[in-house]
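Subject: A model for you, with notes on pockets and helix contacts

Hi there,

Here is the structure I promised to pass on. Could you open it and keep it beside you while you read the notes?

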Amino acid sequence: MRLGVLDVGSNTVHMLVVDAERSRPHVPVANRRSIVRLMRFLEPDGSIGAEGIDLILAGVRDGRELAREHGIAELLVLVTSAIREAPNGADVIARIEEILGEQIAILSGEEEAALTFFAARRWHGWGAGRILLLDIGGGSLEVAYGVGEVPDVAFSLPLGAGRSTIQFLDTDVSTPEQVEALRHHARAVLADALGELDERPRPDHVVATSKTFRSLARLAGMQVEAVGPDDRWRLRRSMLADWVPRLARLTAQGRTELPGITPERTYQIVGGAIVAEEAMRALKVAEVEICPWAMREGAILRRTDTL
């Protein structure tokens with residue numbers, strides 16, 4: 001089956017076209033990204049401003065055209081938490097549906113965490129034992145834990161890299177006071193949420209997904225040997241903690257000179273790094289393994305399982 005996956009995220013609208021077959025790896029055919037950086041356009045009440053809506057819809061139209069060019073049989077649509085939770089989010093979703101000509105299923109934060117966990121489990125296999133998953137998006141931080149393909153615990157917290165940046169780091173160079181304010185906020189949110197994991201056995205593997213973690217690993221992590229042609233990375237909390245104040249002192253433009261920091265991520269990488277460090281600290285995690293699969297791959301795998 002030729003599938004299209006339209007990921008309407010906080011930073012980009014990304015259409016991926018793949019050839020998918022049950023029990024075999026999917027094969028990428030084409031992809032197209034439109035830069036959005038949605039958090040720039042949120043109103044004080046959380047509504048998405050007109051310019052942000054226009055960028056989202058333009059990205060959806062571009063994705064639709066790519067899907068038509070490659071003759072997809074089915075379209076899977078994933079929508080970011082910033083749109084789901086916005087006061088005018090239902091209107092934006094209705095306009096996306098109008099462009100696509102079909103209704104779309106909207107995942108909750110917990111379902112998003114579970115789908116990403118499913119992808120990580122498939123990537124790492126049953127031999128990985130208990131997995132603890134961390135995923136930092138633009139609007140939310142997803143956490144999941146379990147021993148199967150369906151997590152025993154899954155939840156979503158309003159600690160995304162973009163959301164944290166808008167709320168606490170609204171200047172080009174972040175001050176120590178701003179950094180500390182975000183740390184204090186992240187610790188409070190995490191402390192309220194992580195009690196559900198306190199009585200669980202320690203995970204055998206702590207896995208991190210998302211562009212934020214991958215960017216941070218390329219900046220502050222270490223490459224490790226693994227089976228397969230792709231790079232594998234690990235990120236230690238101590239190395240991340242060393243980089244956070246250095247990143248905060250740089251301008252957004254200056255950060256793009258660093259390895260792993262792309263232009264669309266540079267504005268929110270400080271916020272993402274602080275959230276990553278505080279999440280690892282709260283969970284008593286010294287090191288994470290970077291998993292290249294996330295929610296998009298989870299959606300493809302779940303669909304191909306039913307073929």
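The notes below cover the pockets and then some helix contacts.

First, some ground rules. This is a predicted model, in which local features need pLDDT of at least 70 and side-chain atom pairs count only at pLDDT 80 or more, while totals for chains, interfaces and linings use all residues. Residues are numbered from 1 along each chain as its sequence is written, and side-chain values use heavy atoms, with hydrogens and water left out.

**Pockets**

The largest pocket has a volume of about 1,200 Å³. (A pocket here is an open set of points on a 1 Å grid over the protein atoms alone, where a 1.4 Å probe fits, with protein on both sides within 12 Å along at least five of seven lines; lining residues have an atom within 4 Å of a point. A volume is the space filled by probe spheres set on the points, which are joined across faces, edges and corners.) It is lined by 45 residues, and Lys211, Arg214, Pro292, Arg296 and Glu297 are the closest to its centre. Elements giving two or more residues to this lining include the strands β2 (12–19) and β3 (27–35) and the helices α7 (211–220) and α11 (295–305). (Helices are DSSP runs of H or I with at least four residues, strands are runs of E with at least two, and both are numbered from the N terminus.) By class, the lining of the largest pocket holds 14 nonpolar, 17 polar and 14 charged residues. (Ala, Val, Leu, Ile, Met, Phe, Trp, Tyr, Cys and Pro count as nonpolar, Asp, Glu, Lys and Arg as charged, and the others, Gly among them, as polar.)

The second largest pocket contains about 340 Å³ of space. Its lining has 18 residues, with Leu197, Asp198, Ala282, Leu283 and Lys284 nearest the centre. Both α6 (176–193) and α10 (269–282) give two or more residues to that lining, which divides into ten nonpolar, one polar and seven charged.

**Helix contacts**

Helix α7 turns up again here. The axes of α7 and α10 come within 10 Å and cross at roughly 90°, which makes the two helices roughly perpendicular. (Axes are lines fitted to C-alpha atoms, for helices over the stretch in contact, and angles run from 0 to 180 degrees between N-to-C directions; 65 to 115 degrees counts as roughly perpendicular and under 35 as roughly parallel.) Thr212, Phe213, Ser215 and Leu216 of α7 touch Ile269, Gly272, Ala273 and Ala276 of α10. (Contact means heavy atoms within 4.5 Å.)

With α8 (residues 237–249), the axis of α7 also comes within 10 Å, crossing at roughly 95°. Leu216, Leu219 and Ala220 in α7 meet Met239, Leu240, Trp243 and Leu247 in α8, a contact of seven nonpolar, no polar and no charged residues.

Finally, α1 (residues 50–69) and α3 (residues 89–100) cross at roughly 25°, their axes coming within 10 Å, so α1 is roughly parallel to α3.

Best wishes

Terms used
Angles under 35 degrees count as roughly parallel, over 145 as roughly antiparallel, 65 to 115 as roughly perpendicular and the rest as oblique.
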